[in-house]
Amino acid sequence: MSTSTTVAPAIDRDDLVARHLPDLREAVDAARARSYHSRYSERITDPAYGDDPIAAGQADFEALQERGLRLDQPSTGERVAGERSPYGPTLAIDYPASDPAELVAAAKAAMPAWRDAGPDLRAALCVEILDRLGARAHELGQAVHHTTGQPLVMAFQAGGPHALDRGLEAVAYAWDVSTRHAASVTWEKPGKRPTIMEKRFHVVPRGVEVTIGCRTFPTWNGLPGIMASLATGNPVIIKPHPGAVLPLGLVVEVAQEVLGAAGFSPHLVTLATDTPDRPLAIELATNADVKLVDFTGSTTFGDWLEANATQAEVYTEKAGVNTIVVDGTDQAAAMFANLAFSFSLYSGQMCTTPQAVFVPRDGIDTDEGHLSFEQVGERIAAALEELLEPAKKGVEILGAIGDPSVVERIEEATGLGRVVAASTPLEHPAYPDAVVHTPLVVAVDAADADAWDTERFGPISFLVATDSTEHGLELVRDTVKRRGAITFAVYAGSDEVRAAATEVAMDAGVSASFDLHGSVFVNQTSAFSDFHATGANPAANASLVDDAFVASRFRVVETRWHA
């Protein structure tokens with residue numbers, strides 16, 4: 001049994017390739033130069049999205065719930081209830097339940113025609129999918145907002161334009177790598193009797209890919225693997241987190257619409273929804289015909305996938321302990337404001353949120369004079385208060401907490417040291433059932449590793465007293481190598497400290513940010529310029545996006561014969 005879909009106008013394949021190949025070349029050039037590049041506007045009120053895009057996006061989101069997703073895929077006939085929003089309401093939508101083996105079989109059946117389409121057409125269709133998602137960016141942002149708890153502006157930007165740019169980046173890398181050599185050649189070895197052969201080099205996909213989505217950033221973390229796999233010829237099964245199905249469900253709907261209009265099977269991209277009595281991640285990830293797995297989530301399950309999904313190439317982004325070393329600054333007020341925002345954004349529910357802030361116990365030198373360790377804590381607390389009050393302003397930065405275990409971790413961490421900034425609940429003016437908490441900052445000694453030296457996902461950070469800046473840097477080196485990290489930041493009082501921190505970053509395999517004072521925060525990265533994670537420490541075995549992220553998603557098979 002299949003769920004139904006609507007038929008979109010047919011796509012002229014040649015015209016599509018002609019339109020999008022220049023876009024792909026531009027994206028490849030930007031990725032090589034690491035320059036600024038964005039195809040999708042991050043301005044939530046950009047007139048390109050219409051006269052009143054926020055209201056229109058809300059209306060489209062409500063209409064989507066009423067009509068449901070238009071999907072064409074194998075289904076058991078059972079329906080899975082919609083998610084409960086971190087803001088309170090349960091979404092008025094449901095999803096098809098499917099048997100994993102049927103999804104895999106359907107994907108395999110669709111693969112040969114997709115393989116034979118070639119890199120240019122596949123990449124052009126991927127760009128078209130992203131563009132059509134871009135046209136529905138506000139609807140997509142609403143879906144991210146109401147399933148993840150992200151504040152609306154952040155949900156629109158990170159779940160829409162920024163996620164789409166990351167997806168485009170993956171397509172650009174995949175297209176570039178898979179077209180780097182000639183597709184065919186008439187090969188001639190000179191001599192008295194030249195040897196002439198015809199050779200063809202076929203880009204062959206590895207097999208079915210499974211994306212196992214996360215609750216907090218379903219599209220931002222999901223689209224790179226989805227697009228890299230699809231562009232290299234692999235069919236994709238998307239298994240969302242049960243708390244954030246709708247954003248990735250929208251991706252499936254749009255992908256099927258585009259693929260069907262171009263004459264390909266919609267089963268190249270399908271949705272696998274957990275049922276209450278049948279979680280699907282393990283069943284899918286260990287299926288013998290699944291050859292690629294992309295996962296974002298806990299270290300425990302990521303490690304399990306790496307050890308047990310041995311038939312597949314597994315790409316994981318897991319957890320770690322993100323660190324900051326504060327040595328000194330010539331912009332104290334701006335530094336504390338930057339730190340407060342980094343602690344607060346989306347209630348610390350980001351893989352990039354700083355957790356351990358190493359400060360010499362003797363204090364730091366700043367443009368405002370010497371600040372003691374205690375004064376550093378006081379200034380952080382004051383910056384948080386200024387940022388998050390009144391509550392109407394604070395909730396637009398904090399968003400909502402969807403997982404009750406986050407609140408439990410806040411309560412547990414409160415007793416681990418001296419509270420510098422207490423975590424207090426805020427009432428959301430629009431959603432009274434939303435769970436909102438300000439960040440908790442606890443001061444501890446470096447010797448109290450049981451407190452700070454483990455990831456505590458949520459709005460929880462530790463101000464860690466060290467013997468010196470050098471001591472703090474060595475703690476970073478050790479922690480990143482053992483625990484992993486996605487981010488590392490330094491506020492350096494000298495070039496010598498920057499040089500020492502750079503050496504630590506390269507040795508530990510973590511990217512570093514220096515002296516962030518303005519509108520750039522350690523939590524955030526930009527597609528085409530910043531590499532998200534490195535794949536060089538335990539927090540992730542891959543980077544978004546580099547050649548290594550795409551190159552193993554296909555192989556080259558050669559055929560040759562005498563001319």
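Predicted model: local features only at pLDDT ≥ 70, side-chain atom pairs only at ≥ 80, totals over all residues.

Biologist: Is Thr-216 buried or exposed?

Modeller: The relative accessible area of Thr-216 is 15%, and since buried means under 20%, the residue counts as buried.

Biologist: How many aromatic pairs are there, and how are the rings of Phe-217 and Tyr-346 arranged?

Modeller: The count comes to nine aromatic pairs. For Phe-217 and Tyr-346 the ring centres are 5.6 Å apart and the planes stand at 85 degrees, and because planes over 60 degrees apart count as edge-to-face, this pair is edge-to-face. Phe-217 belongs to the loop between β5 and α8, whereas Tyr-346 belongs to the loop between α12 (332-344) and β12 (356-360), so the pair ties together parts that are 129 residues apart in sequence. Both Phe-217 and Tyr-346 are buried. Elsewhere, one aromatic cluster is formed by Phe-295, Phe-301 and Trp-304.

Biologist: Which rings does Arg-553 lie over?

Modeller: The charged end of Arg-553 sits over the ring of Tyr-315, at 4.1 Å from its centre, and Arg-553 also lies over the face of Phe-549, where the distance to the ring centre is 4.4 Å.

Biologist: How does one describe two packed helices?

Modeller: The description uses the angle between their axes and the distance between the axes. Here the axes of α4 (residues 119-135) and α7 come within 10 Å and cross at roughly 175 degrees, which means that α4 is roughly antiparallel to α7. On the α4 side the contact is made by Pro-119, Asp-120, Ala-123, Cys-126, Val-127, Leu-130, Leu-133 and Gly-134, while α7 contributes Leu-164, Gly-167, Leu-168, Val-171, Trp-175 and Ser-178. Sorted by class, the contact of α4 with α7 holds ten nonpolar, three polar and one charged residues.

Biologist: Which residues of α6 are buried, and what covers them?

Modeller: In α6 (residues 152-159) the buried residues are Met-154, Ala-155, Phe-156, Ala-158 and Gly-159. The elements that cover the buried residues of α6 include α5 (137-148), α7 (161-178) and α8 (218-231).

Technical notes:
Residues numbered from 1 in each chain as written. Heavy atoms only, no water. Buried < 20%, exposed > 50% of the residue type's maximum accessible area, 1.4 Å probe, protein only. Helix = DSSP H or I, 4+ residues; strand = E, 2+ residues; numbered from the N terminus. Contact = heavy atoms within 4.5 Å. Phe/Tyr/Trp six-rings, centres within 6.5 Å; stacked < 30°, edge-to-face > 60°. Lys NZ or Arg CZ within 6 Å of the ring centre and 35° of its normal. Axes fitted to C-alpha atoms, helices over the stretch in contact; angles between N-to-C directions. Parallel < 35°, antiparallel > 145°, perpendicular 65-115°, else oblique. Nonpolar A, V, L, I, M, F, W, Y, C, P; charged D, E, K, R; others polar.
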